[in-house]
Number of protein chains: 2
Amino acid sequence: MSNPRPLGFDAIAEARRQWEAHGWDAPAAMAATTSIMRAQQIILATAEEALRPFDLTFARYEALVLLAFSRNGSLPLGKMGDRLMLHPTSVTNIVDRLEQQGLVHRVAHPTDRRTKLAEINEDGRRIVDKATEAVSATGFGMGALDDAELNRLTAMLRKLRVAAGDFPG
Amino acid sequence: MSNPRPLGFDAIAEARRQWEAHGWDAPAAMAATTSIMRAQQIILATAEEALRPFDLTFARYEALVLLAFSRNGSLPLGKMGDRLMLHPTSVTNIVDRLEQQGLVHRVAHPTDRRTKLAEINEDGRRIVDKATEAVSATGFGMGALDDAELNRLTAMLRKLRVAAGDFPG
DNA sequence: CAACACTAGTTGGACTTCCGAGTTTCTGTC
DNA sequence: GACAGAAACTCGGAAGTCCAACTAGTGTTG
């Protein structure tokens, strides 16, 4: 989680200074963008480190959680892609691996023969519980922020997601 | 930038509800994490769409900007990796491509023969100016937030970066 | 000054993601 | 009932990232 070669200064603040010095537009948006990029990198690295003992990537973990939360423990692959905002081919790949790991298997859809369901099994549920404990224990790398701040962050990014057309709002 | 298959509801709010219903820990951190992941995806897609006419990925664009901002228009590859938080291999790959595109070339370090410098040329500077115009025009996909919100966002994520050891703070 | 450890960059391999194209299966319309 | 169009999934290929191992050059230390 910690950076092996820390800088002595805030690279994003420095970039913003230069951005403005060059007379470029939208410095606040640039700084926020770069901050989100870096935050995502930090959070992802933290989570993946916690997930390594379970041989799960964050994407596979998210997919497992989604299935664990679903009504019957199964969902059509396409619906998974919609929920996780992933390309269909990525879903195929993820389900392939989870199936190889014996945590999930593909099942025929009861009425639509085009559709395949991914179904989580008992091993999958056990793993997802343990993996969640491990990830939660790291606080997702967000220990520096309290719950009020986290909620404000989530609310701000919600606006962004609505504007991008993720959901009606 | 807009999602081809929008959901009718907020998937992250729904995930949080289920997370709490299962009695799992740190729901606020989970929701914030997932929000950052999705925000990064949106922003990246927006930027890459704007950069496509210039045949640049966001990573290559960031590298070009870094070089354009540097004192002599050149930096050692390792230093670029530190600033951009990239693995040395990724820097090699990025500079390879920028060199193929004729925007950058590798130069020997004046005193240390291990080190190579990436140096931006006139074409590179011209492209980075135009690309910046294109990216700024999209507001980085953050049009839904005003400058005050963007600054609060940046400040919160700054805490996170300090905690991860990016810089002393 | 010789041996050893460290640093800078590259190479090859595994993994993930997306895009385009293709197959199979519905669905709506005439 | 036939058929054009849409939908669900998969396959092959390109691009990007990281890791482990390697080469070459530098620094340190006895």
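**View 1. Helix 3 and helix 6 of chain A, in the predicted model.** In this predicted model, the axes of helix 3 of chain A (residues 58–69) and helix 6 of chain A (residues 122–137) come within 10 Å, crossing at roughly 115°. The crossing in which helix 3 of chain A passes helix 6 of chain A is left-handed. From helix 3 of chain A, the residues A:Tyr61, A:Leu64, A:Val65 and A:Ala68 meet A:Gly124, A:Arg125, A:Val128 and A:Ala131 of helix 6 of chain A. Sorted by class, the residues of this contact between helix 3 of chain A and helix 6 of chain A are 6 nonpolar, 1 polar and 1 charged.

**View 2. Helix 2 and helix 6 of chain A.** Helix 2 of chain A (residues 27–51) and helix 6 of chain A have axes that come within 9 Å and cross at roughly 135°. Helix 2 of chain A and helix 6 of chain A are therefore oblique to each other, and their crossing is right-handed. On the side of helix 2 of chain A the contact is made by A:Ala47, A:Ala50 and A:Leu51, and on the side of helix 6 of chain A by A:Ala131, A:Ala134 and A:Val135. The contact of helix 2 of chain A with helix 6 of chain A has 6 nonpolar residues, with no polar and no charged residues. A:Ala131 of helix 6 of chain A also belongs to the residues that meet helix 3 of chain A.

**View 3. Helix 4 and helix 5 of chain B.** The axes of helix 4 of chain B (residues 77–84) and helix 5 of chain B (residues 88–100) cross at roughly 110° and come within 9 Å. That angle makes helix 4 of chain B roughly perpendicular to helix 5 of chain B, and the crossing of these two helices is right-handed. Helix 4 of chain B contributes B:Leu77, B:Gly78, B:Met80 and B:Gly81 to the contact, while helix 5 of chain B contributes B:Pro88, B:Val91, B:Thr92 and B:Val95. By class, 5 nonpolar and 3 polar residues, but no charged residues, make up the contact of helix 4 of chain B with helix 5 of chain B.

**View 4. The surroundings of DNA strand C.** DNA strand C is surrounded by 22 residues, of which the closest are A:Ala59, A:His87, A:Ser90, A:Arg113 and B:Gly78. The residues of the surface near DNA strand C comprise 6 nonpolar, 9 polar and 7 charged.

**View 5. The surroundings of DNA strand D.** Around DNA strand D there are 21 residues, with A:Gly78, A:Thr92, B:Ala59, B:His87 and B:Thr89 as the closest. Helix 4 of chain A (77–84), helix 5 of chain A and helix 5 of chain B each supply at least two residues of the surface near DNA strand D. The most is given by helix 5 of chain B, with 5 residues. By class, the surface near DNA strand D has 6 nonpolar, 9 polar and 6 charged residues.

**View 6. The contact between chain A and chain B.** Chain A and chain B each bring 61 residues to the contact. On the side of chain B that touches chain A, at least two residues are supplied by each of helix 1 (11–21), helix 2 (27–51), helix 4, helix 6 (122–137) and helix 7 (147–163) of chain B. Helix 2 of chain B gives the most to that side, with 15 residues. The side of chain B that touches chain A divides by class into 33 nonpolar, 16 polar and 12 charged residues.

**View 7. The relation between the two copies.** Chain B is superposed on chain A by a rotation of 180° with 0.0 Å of shift along its axis, at an RMSD of 0.0 Å. The two copies are thus related as by a two-fold rotation axis. The same surface serves both copies, in that 100% of the contact residues of chain B recur in chain A.

How values were computed:
Residues are numbered from 1 along each chain as its sequence is written. Chains are lettered from A and ligands numbered from 1 in the order in which they are written. This is a predicted model: local features need pLDDT of at least 70, side-chain atom pairs count only at pLDDT 80 or more; totals for chains, interfaces and linings use all residues. Axes are lines fitted to C-alpha atoms, for helices over the stretch in contact, and angles run from 0 to 180 degrees between N-to-C directions. Helices (H or I, at least four residues) and strands (E, at least two) are DSSP runs, numbered from the N terminus. Angles under 35 degrees count as roughly parallel, over 145 as roughly antiparallel, 65 to 115 as roughly perpendicular and the rest as oblique. A crossing is left-handed if the near helix is turned anticlockwise from the far one by less than a right angle, and right-handed if clockwise. Two residues are in contact if their C-beta atoms, placed from the backbone, lie within 7 Å. Ala, Val, Leu, Ile, Met, Phe, Trp, Tyr, Cys and Pro count as nonpolar, Asp, Glu, Lys and Arg as charged, and the others, Gly among them, as polar. A residue is near a molecule or strand if its C-beta atom, placed from the backbone, lies within 6 Å of it. Copies are superposed by least squares on the C-alpha atoms of residues with pLDDT of at least 70 in both.
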